[in-house]
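Here is a walk through one protein model, from its strands to its rings. Please keep the 3D view open while you read.

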Amino acid sequence: MMPKYLQIYQQLVDRIQNGTLPAETKLPSETELMHEFDASRGTVRKAIDALQDKGFVRKHQGKGVFVLSQDAIAFQFNGIVSFSEAHRQMGQHDVTTDVLSCEVIEATTELAHLFHVTPGTPITQVKRVRTIDGERVIFDINLFVSSLVPGLTKEIATESIYQYIEQTLGRQISYAKRKIEAQPATEEDRKYLDLEGTSHVIVITNDTYYYEGQHFERTESRHRLDKFQFTDIARR
């Protein structure tokens, strides 16, 4: 069964996405949510933390928790949002995912150092191409510590890995360290993306952690640079 805080999180996400809780609306107080969902304060706080981590809400000290604009959720800096979650905001665009591979490799010395595991530890590598309106514009290379994301398959990767992690495995994704830079296109970029003559791609590198602090994922998301705008929300 899905943990209680994720049940609360999902119901609040549904209200945000269907407009019941529109942008700039103040979320009900912790006490109100405790009564509504028959949950402890700690459980409600975990649900709100998850909403903030995913970029759905923003806490304002002394004022409460407010819903963020849905337009700002897609590809924003300050939330952890999967492609599947982002593409729900893309309206009538035709969006597909092609899983090129899903295989278990052994951690190299470099990956072992990155994930704080021993060399040879099983790592699940997933390569996916995202197509929007018939153009291949994103090439994702995901690396997961297999013991922390067990049972990952090509079928799951076609849908949403984060949904599998949170709803099937019952784990909470907490935060990510993110780097964004332009890089020369690689041979794989030229093979899998419709670069339209561009020589560089935008590379977003995410190191993502569970609520308990375990580093479970390293992802390189390689974007055709003319197709995406990345946003952040800054408040005083």
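The text below goes from the sheet to the helices, then to aromatic rings and backbone angles.

This is a predicted model, in which local features need pLDDT of at least 70, side-chain atom pairs count only at pLDDT 80 or more, and totals for chains, interfaces and linings use all residues. Residues are numbered from 1 along each chain as its sequence is written, and side-chain values use heavy atoms, with hydrogens and water left out.

Start with the sheet. Helices (H or I, at least four residues) and strands (E, at least two) are DSSP runs, numbered from the N terminus. Two strands pair if DSSP finds at least two bridges between them. Six strands form an open sheet in the order E3-E4-E5-E8-E7-E6, and the pairing is antiparallel. Strand E3 (95–106) and strand E6 (173–184) are the edges, each pairing on one side only. From one strand to the next, the twist averages 15°. Axes here are lines fitted to C-alpha atoms, for helices over the stretch in contact, and angles run from 0 to 180 degrees between N-to-C directions.

Now look at one strand pair. E6 joins strand E7 (residues 200–210) through 11 bridges, in the antiparallel sense. Ala-182 stands opposite Ile-202 in E7.

Next come the helices. Helix H7 (residues 161–168) lies across E4, E5, E6, E7 and E8. H7 runs at about 170° to E6. Elsewhere, helix H1 (residues 4–17) and helix H2 (residues 30–37) have axes that come within 12 Å and cross at roughly 105°. H1 and H2 are therefore roughly perpendicular to each other; that class covers 65 to 115 degrees, with under 35 roughly parallel, over 145 roughly antiparallel and the rest oblique. Contact means heavy atoms within 4.5 Å. On the H1 side, Lys-4, Ile-8, Gln-11, Leu-12 and Arg-15 make the contact.

Turn to the aromatic rings. A pair of aromatic rings is described by the distance of the centres and the angle of the planes. Rings of Phe, Tyr and Trp (its six-membered ring) pair if their centres lie within 6.5 Å; planes under 30 degrees apart count as stacked, over 60 as edge-to-face and the rest as tilted. By this rule there are four aromatic pairs. One of them joins Phe-144 and Phe-216, stacked at 6.5 Å centre to centre with 15° between the planes. Phe-144 lies in strand E5 (residues 135–145) and Phe-216 in strand E8 (residues 215–224), so this pair ties together parts that are 72 residues apart in sequence. Tyr-210 and Phe-216 have ring centres 4.2 Å apart and planes at 15°, so they are stacked too. Phe-144 and Phe-216 are buried, and so is Tyr-210. Buried means under 20% relative accessible area, exposed over 50%, and partly exposed in between (1.4 Å probe, protein chains only).

Charges also meet rings. A charge sits over a ring if NZ of Lys or CZ of Arg is within 6 Å of the ring centre and within 35 degrees of the ring normal. The charged end of Arg-171 sits over Tyr-210, 3.9 Å from the ring centre. Lys-46 lies over the face of Tyr-211, at 5.0 Å from the ring centre.

Finally, check the backbone. Most residues other than glycine have a negative phi. His-116 has a positive phi of about 60°. His-116 is in the loop between helix H5 (109–115) and strand E4 (122–132), and counts as exposed at 69% relative accessibility. Asp-133 also has a positive phi, near 50°. Asp-133 lies in the loop between E4 and E5 and is partly exposed, at 43% relative accessibility.
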